[in-house]
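Hi,

Here is the structure I promised to pass on to you. My notes on it follow below, with the cut-offs spelled out so that you can check them in your own tools.

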Amino acid sequence: MSDVTRAGDEVRRARYAVAAVFAVHGAVTGSFATRVPWVQDHASLGAGQLGFALAFTALGASCAMPLAGGITHRFGSRTALRGLLALWTLSLILPSIAPNLVTLCLAMFVYGASAGMADVAMNALGVEVERRLGKSIMSGLHGMWSAGALIGSAAGTLAAHLGADARVHFALASAVLTVLGLVACTWVLGLQPAEDEEPPPRFALPPRSALLIGAVGFCAVFAEGASLDWSAVFLRDRLDSSAGLAAASTTGFMLTMAVARIAGDAVVNRFGAVRTVRAGGVLAGLGGLLIVLAGHPAVAMAGFALMGLGIAVVVPLCFAAAGHAGPNPSQAIAGVATITYTSGLIAPSLIGGVAQATSLMVSFVVVTALACGLAVFAGVLRTAERGGGEVSRRAAAVPDPRP
């Protein structure tokens, strides 16, 4: 077997392995989301206290993600991902054993910090596999995350329906997902820094190259967070929909995003990152317009579906562009991830604040404006097209000397 053939087989195995890692990461999120009511009751919290505790998830992620580059540099990509992913799957247990607000806040901080660091490590490896293959795969990887989240939420829904104690549910889910994650990490790329490569600072602020890319991701994640958290409320309060129909709008939005991400790589490979995001911005803007003007639940549901379709591939392409933008992919991806996590943190509360001061319709005017911004500022992702172009094709054809 030639070196080129051997290297090609290694990259293909790494692609499937990192896809499995994304699915495991998503399954943890889906598992937790379905048992939030149980966690709330166990800790005896009101709605406001629960919201305060959940905010520590994004806070922990934002604080810890800049550390991921240094960890990867010190231990190598495979060992770092193995440890960070195991930390994330095991941290699922913590919220279920928190008896009060203070301990739940601490649990959610650790939960978010481990999620964020594993997120950066797996996206950096995904970008490297994409570079070696010479074609877009990041959208499909994030589609696998969405698929994992749906599987985790389905299992969690069954556990809740059966009245299972979340401490037992989370312990079993954590054990299974930890084993699956460790097995998947066996075949990811084992990258080591060059001997003369300077280690990144222990805590690195986002590089300048990540700021504009992060701003595009900010718009997409803001629209995503607003749609996920407020779509059901919008249908119930503005259009007098039933609880079941309102919930179906959220499920439809999630399914649209998952399908679009899985199919998105083919679109990106055909039309490029910039044109794909511009078209997505137009679709998301049209969806927002339907939501704002909706006089019937079906129209609003179609609007949320279009919103999900339009923004689905934006964050994966932002991570890809960041990874191709400079010499340190982990640091750049951490910068973009920090900005997008911040967007996810402020979106639900900002939408609620605007709705309180004006109306929920005005809130979605803001969301629509940000979605349209994707079409305007998509050009900053041109780095991803360069990274997925000629340089990547040459890299895929030549075996990498690193272990």
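Asp9 is partly exposed because its relative accessibility is 23%, where partly exposed covers values between buried (under 20% relative accessible area) and exposed (over 50%), with a 1.4 Å probe and protein chains only. Arg12 falls in that class too, at 44% relative accessibility. The side chains of Asp9 and Arg12 form a salt bridge with an N to O distance of 2.4 Å; the term stands for a side-chain nitrogen of Lys or Arg within 4 Å of a carboxyl oxygen of Asp or Glu. The two are three residues apart in helix 1 (residues 3-34), which means that about one helical turn separates Asp9 from Arg12. Helices here are DSSP runs of H or I with at least four residues, numbered from the N terminus.

Before you go further, please keep in mind that this is a predicted model, in which local features need pLDDT of at least 70 and side-chain atom pairs count only at pLDDT 80 or more, while totals for chains, interfaces and linings use all residues. Residues are numbered from 1 along each chain as its sequence is written, and side-chain values use heavy atoms, with hydrogens and water left out.

The salt bridge count comes to five. Two of them sit in helix 7 (residues 101-133). Glu128 meets Arg131 at 2.6 Å, N to O, and these partners are three residues apart, so about one helical turn lies between them. Glu128 also pairs with Arg132, with the closest N and O atoms 2.9 Å apart; here the spacing is four residues, again about one helical turn. Through shared partners, the salt bridges join Glu128, Arg131 and Arg132 into one network. An α-helix has 3.6 residues a turn, so residues three or four places apart point the same way. As for accessibility, Glu128 is buried at 11%, Arg132 is buried as well, and Arg131 is partly exposed at 21%.

Next, the helix pair. Helix 11 (residues 243-271) packs against helix 12 at about 120 degrees, with the axes 7 Å apart; axes are lines fitted to C-alpha atoms over the stretch in contact, and angles run from 0 to 180 degrees between N-to-C directions. Helix 11 is therefore oblique to helix 12, oblique being what remains after roughly parallel (under 35 degrees), roughly antiparallel (over 145) and roughly perpendicular (65 to 115). Val267, Val268, Arg270 and Phe271 of helix 11 make the contact with Ala273, Arg275 and Thr276 of helix 12, contact meaning heavy atoms within 4.5 Å.

The expected span is 1.5 Å times one less than the number of residues. Among its buried residues are Gly280, Gly281, Gly287 and Gly288. Helix 5 (residues 77-91), with 15 residues, reaches 21 Å from first to last C-alpha, close to the expected 21 Å. Its buried residues include Leu81, Leu84, Leu85 and Trp88.

Finally, have a look at Thr340 in helix 15 (residues 329-357). Thr340 counts as buried because its relative accessibility is 6%. A polar atom of its side chain lies 2.9 Å from the backbone oxygen of Ala337. Leaving aside neighbours within four places in sequence, Thr340 is in contact with Gly217, Phe218 and Val221.

Best wishes

Definitions and conventions
A polar contact is a pair of N or O atoms within 3.5 Å; within protein, one must be able to donate a hydrogen and the other to accept it, and residues adjacent in sequence count only if both atoms are side-chain atoms.
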